[in-house]
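Below is a short note on the model under review. The points run from the whole chain down to single residues.

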Amino acid sequence: MKKILAPIAAAGAVLLALTGCAQSGGGSADGPKDPSEIIVGFAQVGAESGWRTANTKDIQAAFEDAGIELKFSDAQQKQENQIQAIRSYIQQGVDVIAFSPVIESGWDAVLKEAKDAEIPVVLTDRAIDSTDDSLYVSFLGSDFIEEGKKAGEWLVEEYSSSTEPVNIIQLEGTTGAAPALDRAEGFADVIAADDKFQVVESQTGDFTRAGGKQVTEALLKSNPDVDVIYAHNDDMGLGAIEAIEAAGMVPGTDIKIITVDAVKDGMQALADGKINFIVECSPLLGNQLVEIVEKVVAGEDVEKRIITEETTFTQEQAVEALPDRKY
Ligand code: AHR
């Protein structure tokens, strides 16, 4: 539908330019689109973590507040479900498609279909590894490599006065997902400076609490002398805490834990001394996504990469921040 209308719209734009009344943005010939006329299709990863639940709520609330219709689908952490949802949004002729890619690779074909249908795509939260950056208009989300680096920097500082080996278990996020790849990379880059830091095991817990618990239970049996667990998100760290306690050890003391996210449950465990350090990853992307959508629909330029502002938390800082924590 959009493809058929394109030449007519282009002709209209030329006519308006010739008469000196060209619109700077998109929308119909009668003027820019009212928010109530905009339809956005959002393909979410799933509901695997506290972070994801907060992200979904924030996005849904932001679009409701803006008066923009949001079609929402939950891919249950499966790429094929997300591809199916994107195809369905293309068929429905939505104005913009936004999605948080479950994994980095394998998106070119479906995004080419969206491009051919002239539906702009916004990446939220996670990146894709395509070499063709014309397949999306903007990517809004965290710098995951930087998050991994911050985790590594805290660890290096924490053990700066020790020469003993530091044995680390890494709980990876979903295999092939941008935050799993990048958080591992950033962390590895920093700890490589001193070979006393050894990642003795690294396995996926799929960003879930159950996954983190199960993997930690198994790995503690083969690595009883582990010093540190670096979990790619709070939920896996919270699962690790359960496994450590079940093994008769004290999380945060016998085994230090570093996580990423800073959702309320993670922050509570940090304030309670069960986690030692959290790198923040903000799920509050809703308002910025609405802004991007409005600009794209109005034909305005948007930044190709928008990086979310984030901080880090020690145990003392978590105690202070917890009462005001929104998610
Ligand atoms: O992509 C962001 C990551 O995905 C969050 O850190 C994690 O909790 C979520 O599942």
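1. Buried residues account for 47% of the 327 residues in the chain; a residue is buried if 20 or more other C-beta atoms lie within 10 Å of its own, exposed if 12 or fewer, and partly exposed in between, with C-beta atoms placed from the backbone. This is a predicted model, in which local features need pLDDT of at least 70, side-chain atom pairs count only at pLDDT 80 or more, and totals for chains, interfaces and linings use all residues. Residues are numbered from 1 along each chain as its sequence is written.

2. The chain has 11 helices and 12 strands; helices (H or I, at least four residues) and strands (E, at least two) are DSSP runs, numbered from the N terminus. The C-alpha trace spans about 75 × 40 × 35 Å along its principal axes. Of the contacts in the chain with a separation of 6 or more, 76% are between residues 24 or more positions apart. Two residues are in contact if their C-beta atoms, placed from the backbone, lie within 7 Å.

3. Two domains are assigned: domain 1 (16–142 + 283–310) and domain 2 (144–281). These bounds come from an automatic or database domain assignment. The domain centres, taken over C-alpha atoms, are 32 Å apart. Domain 1 gives 14 residues to the contact and domain 2 gives 19 residues. The side of domain 1 that touches domain 2 has 5 nonpolar, 5 polar and 4 charged residues. Here Ala, Val, Leu, Ile, Met, Phe, Trp, Tyr, Cys and Pro count as nonpolar, Asp, Glu, Lys and Arg as charged, and the others, Gly among them, as polar.

4. Helix H2 (residues 50–66) packs against helix H10 (residues 286–297) at an angle of about 50 degrees, with the axes 8 Å apart. Axes are lines fitted to C-alpha atoms, for helices over the stretch in contact, and angles run from 0 to 180 degrees between N-to-C directions. H2 and H10 are therefore oblique to each other; angles under 35 degrees count as roughly parallel, over 145 as roughly antiparallel, 65 to 115 as roughly perpendicular and the rest as oblique. The contact involves Asp58, Ile59, Ala61, Ala62, Phe63 and Ala66 of H2, with Gly286, Asn287, Leu289 and Val290 of H10. By class, the residues of this contact are 7 nonpolar, 2 polar and 1 charged.

5. H7 and helix H8 (residues 234–246) pack at about 45 degrees, their axes 7 Å apart. That makes H7 oblique to H8. Among the H7 residues in the contact are Arg209, Lys213 and Glu217, and those of H8 include Asp235 and Glu242. The class count for the contact of H7 with H8 is 7 nonpolar, 5 polar and 5 charged residues.

6. Which backbone angles deserve a look? Most residues other than glycine have a negative phi. Gln76, however, has a positive phi near 50 degrees, and lies in the loop between strand E2 (69–74) and helix H3 (79–92). Gln76 counts as partly exposed, with 13 C-beta neighbours inside 10 Å. Phe207 also is not a glycine and has a positive phi, of about 65 degrees. Phe207 sits in the loop between strand E7 (197–204) and helix H7 (209–222), and counts as buried, with 28 C-beta neighbours inside 10 Å.

7. Thr311 is in the loop between strand E11 (305–307) and strand E12 (312–314). Is Thr311 buried or exposed? Thr311 is exposed, as 12 other C-beta atoms lie within 10 Å.
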